[in-house]
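Keep the sequence and the structure open while you read.

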Amino acid sequence: MRIFDIFKKNIKEISRDRHNLFFILIFPAISLIVMGLLMGGGLVNTTADIGVVDLDHSTYSNSLIDSLNNISLNNNTGIFNIVYLDDGASADKKLEEGAISAYILIPSNYSRSIESMINNGDLSSIYIKGDPTSPQYVIAKSVLDIVLIDYSINLQKEMYNSSINMVNLEIMDNNAYEDIDILNYMLPALLVFGLLMTINSITLNLAREFENGMLKRMKLTKMTSRDYVVGNLLTWMIIGIVQVIILITIALAIGFQWKGGLYSIIVALFIGILTMISSIAVSIIIVSLTSNASQASGLATIVSFGLSFLSESFLLLQDSSLQIFQIVPWSQAIDALSQILIHGSGIDVIYVNIFYIAMSGIVLIAIAILLFNRKINIDL
Amino acid sequence: MGSIVEVKSVVKEFDGKTAVDHLSLEINRGEIFGFLGPNGAGKSTSINMMVGIVNPTSGEILIDGENVKNYDKSKLGVCPQEIIIWEKLTCFENLYTIGRLYDIDSKTLTERINTVLEKLQLSDEKNTKMDKLSGGMRRRINIAMATIHNPELIILDEPSEGLDPQSRRLLWDYILYQKELGKTIILTTHLMDEADFLSDRVAIINKGKLISLDTPYNLKSSIGEGDIVDISVDCRADKIIEEFSNIDGVNNVEYSRGIITLNILNATSKLPEIIKIIEKNDSNLIDIKMRQNTLEDVFIELTGKELVE
């Protein structure tokens with residue numbers, strides 16, 4: 001079958017090209033280690049101080065602070081400390097001085113809004129503030145997100161005496177936070193960062209084959225555009241699996257502890273493969289829209305880093321208007337991988353993400369085949 | 001014998017410029033058809049139209065009576081001018097991969113690869129990666145990749161470009177071996193001795209138009225029977241050229257870059273007269289060479305001496 005012959009040829013070529021192999025498999029691994037160091041000055045146990053401003057002083061606000069305290073006490077890796085502050089102004093000052101990474105502000109009308117929520121279905125608000133460019137804020141924000149979800153579920157259960165299964169309650173067990181460290185929060189984003197970086201390698205490989213005339217030569221055989229695209233999809237999906245395995249192995253070696261056992265790893269690989277489809281499609285689109293390998297390579301770098309930024313696999317977005325780009329499949333993959341690897345959630349929690357990633361992949365591949373066919377027919 | 005390729009009044013325009021201008025020709029089954037022309041004459045465009053990767057602006061190309069677009073790709077083999085191979089694959093893997101893309105079964109393909117490698121004296125390099133091979137070996141694999149699927153029509157675009165004489169002879173033998181198998185071969189080349197030695201018929205195109213099509217012998221005869229004499233002298237040659245033209249039996253006199261070229265019948269008997277004219281014009285003979293009329297002379301005669309870039 002021609003697809004498998006293209007696949008075998010690609011694997012042989014890539015595996016024998018040391019430079020290529022370095023950029024495909026080793027570069028993302030090095031990125032994982034380097035970014036781990038950059039983000040926290042070390043790969044584990046970086047502490048973030050979180051400020052708490054309670055302007056309500058009610059049972060409800062105390063309950064929230066207790067949730068934070070419980071986690072902090074059980075958190076033997078020391079990921080964060082709680083700093084009590086009197087008001088927003090002093091919290092802002094501490095934030096400016098860098099004494100805290102973020103603070104949570106419970107407004108004075110918090111208890112009233114909770115009651116209103118119970119009676120009328122209104123929303124209650126708690127405010128989190130910090131510097132999104134700070135690595136400690138990333139940790140603080142991640143912890144606070146989890147705490148708030150935990151807290152809201154417990155609150156609803158308490159109020160309604162029900163077992164509303166908004167999120168997987170298992171992950172809300174305080175013991176689950178014992179292993180929280182910076183690497184755990186970073187890994188899903190770094191896995192996706194690796195998958196995004198492959199856009200550069202895929203683009204360069206395809207563009208070279210186009211530029212040196214090999215694609216023209218192959219088009220003179222019985223090979224169809226579909227054979228070529230699917231053969232390459234297969235190749236890069238396998239490489240995606242190897243890449244995810246290498247990254248997870250490195251992460252495990254440097255202290256990553258995931259939840260959910262082998263099942264989580266298999267699901268993570270599956271998410272990696274699905275996400276890789278979008279990366280491959282983007283590469284084919286880039287090759288289709290450019291006229292030579294150097295142009296394609298330049299555009300691939302811009303696109304891959306741009307997507308890393310927009311999917312928040314690189315930095316957290318400060319501009320809320322840009323957060324619309326979190327609909328991109330790579331952003332969905334970060335969410336899904338976080339749920340699976342950090343929280344040990346099941347497919348039932350991430351099926352929407354998976355569906356979205358798959359659909360995006362299909363749409364992008366369809367666009368890629370369309371543009372690639374057009375390019376082949378014009379250029380050959 | 002019958003024709004395998006029919007090119008019917010084909011025109012190709014790029015951005016308003018005519019690259020191929022009402023080209024019509026027929027290529028007979030089983031022949032080696034030389035396709036000559038200066039750079040930019042429209043050879044590559046014509047070839048690309050014949051293999052169906054460029055569409056003509058008007059006109060029609062039929063292969064075996066079928067429009068080239070509908071022609072079975074496995075019956076067509078194209079060897080590009082550039083060496084296009086997978087550098088990281090071995091000789092065997094290159095041939096195997098391209099053969100598989102023509103849907104040849106593994107057993108047949110393996111047997112065929114062994115035969116082709118033997119014919120091209122590459123059996124010892126079967127498992128050597130392409131980036132470890134010499135330029136000549138890579139060029140031989142380039143042509144092998146165009147023939148591994150046993151096509152009926154083979155198009156060779158300057159197949160021996162840059163080869164040493166030994167490698168070129170080996171390649172010529174392989175081309176003649178393909179002819180013996182009954183294949184039709186279209187050969188484009190800048191090497192006139194190659195076209196002369198291999199081709200049954202030669203077409204010369206210039207500025208997109210077919211200007212001559214015949215056997216190499218007839219083409220050589222068409223610019224005058226006789227010998228070619230190249231003469232170098234140490235002064236301006238205008239007067240000498242004029243007097244050479246009046247020698248009995250001279251078909252043509254040309255001057256280029258210090259060399260006067262005479263096309264003359266029975267050149268040996270005319271040598272004393274030639275030398276006398278040179279001396280009479282107070283000039284000294286630097287060099288004189290006699291040779292047979294070649295296809296290159298025909299080519300220059302038909303396409304001109306003007307350099308085409």
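Helices (H or I, at least four residues) and strands (E, at least two residues) are DSSP runs, numbered from the N terminus. This is a predicted model: local features need pLDDT of at least 70, side-chain atom pairs count only at pLDDT 80 or more, and totals for chains, interfaces and linings use all residues. Residues are numbered from 1 along each chain as its sequence is written, chains are lettered from A and ligands numbered from 1 in the order in which they are written, and side-chain values use heavy atoms, with hydrogens and water left out.

**Salt bridges**

A salt bridge puts a side-chain nitrogen of Lys or Arg within 4 Å of a carboxyl oxygen of Asp or Glu. Three of them are tabulated here.

| Pair | Closest N and O atoms |
|---|---|
| K9(A) and E13(A) | 3.4 Å |
| R16(A) and E93(B) | 2.6 Å |

K9(A) and E13(A) both sit in helix α1 (residues 2-16) of chain A, four residues apart, about one turn of the helix. Buried means under 20% relative accessible area, exposed over 50%, and partly exposed in between (1.4 Å probe, protein chains only). K9(A) is buried, at 1%.

R16(A) lies in helix α1 of chain A and E93(B) in helix α2 (residues 91-100) of chain B, so this pair joins two chains. R16(A) is partly exposed at 27%, while E93(B) is buried at 13%.

R138(B) is buried at 17%; E87(B) is partly exposed at 27%. A network of salt bridges also links R2(A), R226(A), D227(A) and D103(B).

**A sheet in chain B**

Strands pair if DSSP finds at least two bridges between them. Four strands of chain B form an open sheet, ordered β2-β1-β4-β5, with antiparallel pairing. β2 (17-28) and β5 of chain B are the edges; each has a single partner strand, so one side of each lacks a neighbour in the sheet.

Five bridges join β1 (residues 3-14) to β4 (residues 58-63) of chain B. Two bridges join β4(B) to β5 (residues 66-67) of chain B. L62(B) in β4(B) stands opposite E6(B), and its bridge partner in β5(B) is N67(B). In the hairpin of β4(B) and β5(B), D64(B) takes a positive phi near 55 degrees.

**Helix α12 of chain A**

How many residues of α12(A) are buried? The count is 12 of 14, so α12(A) is largely enclosed by the rest of the structure. Among them are W330(A) and L337(A). Just after α12(A), G344(A) has a positive phi of about 70 degrees.
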